[in-house]
Amino acid sequence: MTKTILVCGYGSGISDAVANKFGAEGFSVALVARSADKLAAGVAALAAKGVKAAAFPTDLGDPAAVTKMVSEVRAALGPVTVVHYNAYAGGAGDLTTASPADLRASFDVGVTGLVAAVQAALPDLRAQKNATVLVTNGGLAFYDAKVDAMAVQWGAMGLAVAKAAQHKVVGLLAEKLKADGVYVGEVIVLAMVKGTVFDSGSATLEASTVAAKFWELYGARAEVSANVS
């Protein structure tokens, strides 16, 4: 049976490396983001390597759009075997001045969209062997005074809220779905990744290293949360 990975929040860094890694291992790849041009370029690059891929432009902060997208992926590429959630929104940087709409948008992309994607894919996941949900997280998820100070300094308070909630969602889904044979895990990235919008030239972590960790989690199906730095 053909295996399909749903890559939500596709971009030039970790998600591209994950798409390439799983594609090289025989998965069909569904790329999801808002930018149709970016998705088209990603599909073309994968196709050039012999990977079956398709683009699904979607606002991942819109649960109805996410549900519709998963249905379209299923129709185009077959049942979803792996959900990789890499999406985030960086709004609401200062919680003392941010609008409720900005904070909600950050939460909806990071958390509500994740839950919507998993819910929509659940019929597929429950029916398949080695079904998996993989989430890209970061150090802002941690409850730690130094992390909080960093989030304030960087103007990333809304993102920190979303990432902390995302971390909890991963744990809850891992516990809830293990009886169904669905593995849920996250990689918490603790260093700047080369080639991303955050890389000002000093990044030290290769996206392929993170992708390799995701592949390891997919195969071992043991750790719920793993750090990479």
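Which residues do ring pairs link into a cluster? Keep the question in mind while looking over the whole chain; this is a predicted model.

**Whole chain**

Show the protein as a cartoon. Its secondary structure comes to seven helices and seven strands. Followed along the sequence, these elements give the pattern β-α-β-α-β-α-β-α-β-α-α-β-α-β. The radius of gyration is 17 Å, close to the 17 Å that the globule rule gives for 229 residues, so the protein is as compact as a globular protein of that length. Along the principal axes, the C-alpha atoms fill a box of roughly 50 × 40 × 30 Å.

Buried residues make up 50% of the 229 residues. Of the contacts with a separation of 6 or more, 70% are between residues 24 or more positions apart.

**Aromatic rings**

Now select F22, F27, W215 and Y218, and show their side chains. These four are the answer to the opening question: ring pairs link them into a cluster. For the protein, the count comes to six aromatic pairs.

Start with F22 and Y218. Their ring centres are 5.6 Å apart and the planes stand at 65°; planes over 60 degrees apart count as edge-to-face, so this pair is edge-to-face. The pair joins distant parts of the chain, since F22 is in helix α1 (residues 14-24) and Y218 is in helix α7 (residues 207-220), 196 residues apart. F22 counts as buried, because its relative accessibility is 0%. Y218 also counts as buried, at 8%.

Keep Y218 selected and move to W215. The ring centres of W215 and Y218 are 5.1 Å apart, with planes at 35°, so this pair is tilted. W215 and Y218 are three residues apart in helix α7, which means that about one helical turn separates them. W215 is partly exposed, with a relative accessible area of 23%.

**A nonpolar patch**

Clear the selection, then pick Y88, M192, V197 and F198 with the surface shown. Together they make a nonpolar surface patch of about 430 Å².

Where in the chain does V197 lie? V197 is in the loop between β6 (183-189) and α7. Is V197 buried or exposed? V197 counts as exposed, because its relative accessibility is 71%.

Note on methods:
Residues numbered from 1 in each chain as written. Predicted model: local features only at pLDDT ≥ 70, side-chain atom pairs only at ≥ 80, totals over all residues. Heavy atoms only, no water. Phe/Tyr/Trp six-rings, centres within 6.5 Å; stacked < 30°, edge-to-face > 60°. Helix = DSSP H or I, 4+ residues; strand = E, 2+ residues; numbered from the N terminus. Buried < 20%, exposed > 50% of the residue type's maximum accessible area, 1.4 Å probe, protein only. Patch = residues over 30% accessible without salt bridge, like charges linked within 9 Å, V, L, I, M, F, W, Y side chains within 5 Å. Areas by Shrake-Rupley, 256 points an atom, 1.4 Å probe, with all protein chains shown as cover. Salt bridge = Lys/Arg side-chain N within 4 Å of Asp/Glu carboxyl O. Rg over C-alpha atoms; globule rule 2.2 N^0.38 Å. Contact = heavy atoms within 4.5 Å.
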